[in-house]
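Here is a short briefing to read alongside your structure. Take a look at the model first, and then we can walk through its salt bridges, a helix face and a surface patch.

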Amino acid sequence: VHPDDREMVRETMEKGINEREKVEIEHRIVTHDGSIRAVHHWMAPIYNDKGKVVKLIGMFQDVTERNQTERDLQNARDQLIQSEKLASIGRLSAGVAHEINNPVAIISIELQLLQAMENLPLEMREELKICADQIKRIVNITNNLKQFSRISEKKTIVADINDTVANVMSLYA
């Protein structure tokens, strides 16, 4: 029995003896070559006529591979859930981008109409220019969101890392 599990195994054995029943436990063992294995262990006390324990019978089943398979399966499930969450975020991003673009297009048209007016004071023209620049920024962000949500063909291309970083940073700016 692995040194860290000895107390737990001892307590379980005592419980079986005291409660006069079969007990089961999963713990680790150290093999002759020093490797550590997980085992499912059941044991039951055998009593004589006077009610004294004369022996313990039991069985060990090596569950190391089963436990590893269960951990691998849980990891695969976790990865699948994470992938589904990311896919949902992509779909949500595309929907939000589309919904934002509709009113932004109307605002942009109205701004263009205002900018086309000839009798506007210079200060007003500067303010409209600031608004138009912000509209371009919103459109850029929504286009990046739509681009993020697209499932693109997998292909290898030469890319400038600076452009990629700038594209990502524009989402946070």
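Let's begin with Glu65, which is partly exposed at 48% relative accessibility; buried means under 20% relative accessible area, exposed over 50%, and partly exposed in between (1.4 Å probe, protein chains only). This is a predicted model, in which local features need pLDDT of at least 70 and side-chain atom pairs count only at pLDDT 80 or more, while totals for chains, interfaces and linings use all residues. Residues are numbered from 1 along each chain as its sequence is written, and side-chain values use heavy atoms, with hydrogens and water left out.

**Salt bridges between parts of the chain**

- Glu65 pairs with Arg37 in a salt bridge, their closest N and O atoms being 2.8 Å apart; the term covers a side-chain nitrogen of Lys or Arg within 4 Å of a carboxyl oxygen of Asp or Glu.
- This pair links distant parts of the chain, 28 residues apart, with Arg37 in strand β2 and Glu65 in helix α2; helices (H or I, at least four residues) and strands (E, at least two) are DSSP runs, numbered from the N terminus.
- Arg37 is itself partly exposed, with a relative accessible area of 22%.
- Another salt bridge joins the side chains of Arg28 and Asp5, at 2.9 Å from N to O.
- Arg28 belongs to strand β1 and Asp5 to the segment before α1, so this bridge ties together parts that are 23 residues apart in sequence.
- Asp5 is buried, with a relative accessible area of 8%, whereas Arg28 counts as partly exposed at 31%.
- How many salt bridges does a search of the whole structure find? The search finds 9.

**Glu70 and its surroundings**

- Glu70 sits in helix α2, which covers residues 64-116.
- The side chains of Glu70 and Arg66 meet in a salt bridge of 3.7 Å, N to O.
- Glu70 and Arg66 are separated by about one helical turn, because they are 4 residues apart in helix α2.
- In general, an α-helix has 3.6 residues a turn, so residues three or four places apart point the same way.
- Both residues count as partly exposed: Glu70 has 46% relative accessibility and Arg66 has 39%.
- Between the C-alpha atoms of Glu70 and Arg125 there are 66 Å in space, and the two residues are 55 apart in sequence.

**Helix α1**

- Which residues of α1 are buried? They are Val9, Thr12 and Gly16.
- Seen down the axis of α1, the buried residues fall within an arc of 65°, so they line one face of the helix; the arc is that of the directions from the helix axis to the C-beta atoms.
- Glu7, Arg10 and Glu14 are linked in a network of salt bridges.
- Just after α1, Arg20 takes a positive phi of about 55°.

**A place in helix α4**

- Val168 lies in helix α4 (residues 161-172).
- Is Val168 buried, partly exposed or exposed? Val168 is partly exposed, with a relative accessible area of 41%.
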